[in-house]
Amino acid sequence: MTNQHQPRINAIATAVPQAQVHANYADWAAAQLGEERQRKLLRRMVERGGIAHRHSVLSPEEARLEPGTFYNSGHSPSTSDRMRRYADAAPGLALEAIGRLPELGDVTHMVVASCTGFIAPGIDQVIARKLGLAHHVERTLIGFMGCYAGVTALRSAAHIVRSDPSARVLVVAVELCTLHMQQTGDLERLLAMAQFADGAAAAIISATGEGLGLGDGLSATLEESSELITWTIGDTGFAMHLSGEVPARLADALSDSDLQQDLLEHGRGKAWAVHPGGRSVLDAVERGLDLAPNALDHSRGVLADNGNMSSATVLFVLERMMADRPPHGIALAFGPGLAMEGLRFGWTDAD
């Protein structure tokens, strides 16, 4: 992409908390299941999930799920308990990612995606105040869209730059998924929770300098899929339902001739920044689009090192791709619905 005033990602930076929650998760989850057959299945599925590390804003003791701590005290933490943790931890993790950007510059707009917590004043205000941003900086907050909100944030920033080529947009995605683990005897829900982790990403989008140029967006929603992925606010946090049917339904949808033609017309042999919703999701995308075996290496690497960090995850994938300077590519993410949001990209040299 070499168009003048082409919106582009100039830089991406990421951050994860210190504590690790993955190592002891299988034992904690298995203890909630009544049948030994289910316990064995859970451990086997977690081991095969392609995840080595998941980070959490919980304390090291809490993340190890030790007795008497946040998730192992005999009762499930309330939604208000979890929101207090979000208010305390989310701004700091977001600022850590922002602080790793090579240059913040004169930000004119900020787009924040965060789906795992609610506070007012909003996290966008908190971040802007702590950064000392000017009062005229325009803020947009994207909430509760789920894993594809990272793509939506980038698309929103690109639209801002197209309408105002002098704009410099700070995009932030911060998610604290481990605040919403649930105590349940439902195997499917426990397996879904085995994928989620905490993380934050920040990016600068402008119309100048080199970077990943941002092109057209795309959206698709599967028919009769509203129950496949849901994200419900309850008395004990946000409860995620991720049906085991998702990978097969996703592969079938991507195999659809019209959608596949639209994607592959612009994506055959090119870079794929696919949100790693799980190993089975990546396998489904690879199968549905008939991609090369190494096409999703960056996505699989992010999944292994960090797990699924909801909206922030696709930015982690794109961060790894920046060094490759891919001439053409497509970013895809999936979320409640089952819905897909996408964005075309390609390396753009400095004007």
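How many residues apart in helix 4 are Arg 84 and Asp 81? They are 3 residues apart, so about one helical turn separates them. What you're looking at is a predicted model, in which local features need pLDDT of at least 70, side-chain atom pairs count only at pLDDT 80 or more, and totals for chains, interfaces and linings use all residues. Residues are numbered from 1 along each chain as its sequence is written, and side-chain values use heavy atoms, with hydrogens and water left out.

**Salt bridges**

- Here a salt bridge is a side-chain nitrogen of Lys or Arg within 4 Å of a carboxyl oxygen of Asp or Glu, and that rule gives a count of 14.
- Back to the opening pair: the side chains of Arg 84 and Asp 81 meet in a salt bridge at 2.4 Å, N to O. Arg 84 is partly exposed at 48% relative accessibility, and Asp 81 is partly exposed at 28%. (Buried means under 20% relative accessible area, exposed over 50%, and partly exposed in between, with a 1.4 Å probe and protein chains only.)
- Arg 85 pairs with Glu 62 in a salt bridge at 2.5 Å, N to O. Arg 85 sits in helix 4 and Glu 62 in helix 3 (residues 60–63), so this pair ties together parts that are 23 residues apart in sequence. (Helices, H or I with at least four residues, and strands, E with at least two, are DSSP runs numbered from the N terminus.)
- Arg 85 is partly exposed, with 27% relative accessible area, while Glu 62 counts as buried at 12%.
- Arg 64 and Glu 66 also form a salt bridge, 2.8 Å from N to O. Arg 64 is partly exposed at 37%, and Glu 66 is partly exposed at 29%.
- Glu 61, Arg 64 and Glu 66 are linked in a salt-bridge network.

- In domain 1, 59 residues are in contact with 49 residues of domain 2, where contact means heavy atoms within 4.5 Å.
- About 4300 Å² is buried between the domains, with carbon and sulfur atoms giving 64% of that area. Cys 147, Tyr 148 and Arg 155 supply 15% of the area that domain 1 buries against domain 2, more than any other three residues. (Buried area is the accessible area, 1.4 Å probe, that two parts lose on being put together, summed over both.)
- The count of salt bridges between domain 1 and domain 2 is 1. Arg 155 and Glu 341 join side chains in a salt bridge at 2.9 Å, N to O.

- Strand 11 runs parallel to strand 12 (residues 329–335), joined by 4 bridges, and strands pair if DSSP finds at least two bridges between them. Trp 272 stands opposite Ile 330 of strand 12.
- Helix 11 (residues 297–306) has Ser 299, Gly 301, Val 302, Leu 303 and Asn 306 buried. Its buried residues pack against strand 3 (55–56), strand 11, helix 10 (279–288) and helix 12 (313–322).

**Two histidines**

- His 55 is in strand 3 and is buried, with a relative accessible area of 9%. Its side chain makes a polar contact of 3.2 Å with that of Gln 20.
- Beyond four places in sequence, the residues that His 55 touches include Asp 305 and Asn 306.
- His 109 is in strand 4 (residues 109–113) and is buried at 10%. The side chains of His 109 and Thr 108 make a polar contact at 2.7 Å.

Terms used
A polar contact is a pair of N or O atoms within 3.5 Å; within protein, one must be able to donate a hydrogen and the other to accept it, and residues adjacent in sequence count only if both atoms are side-chain atoms.
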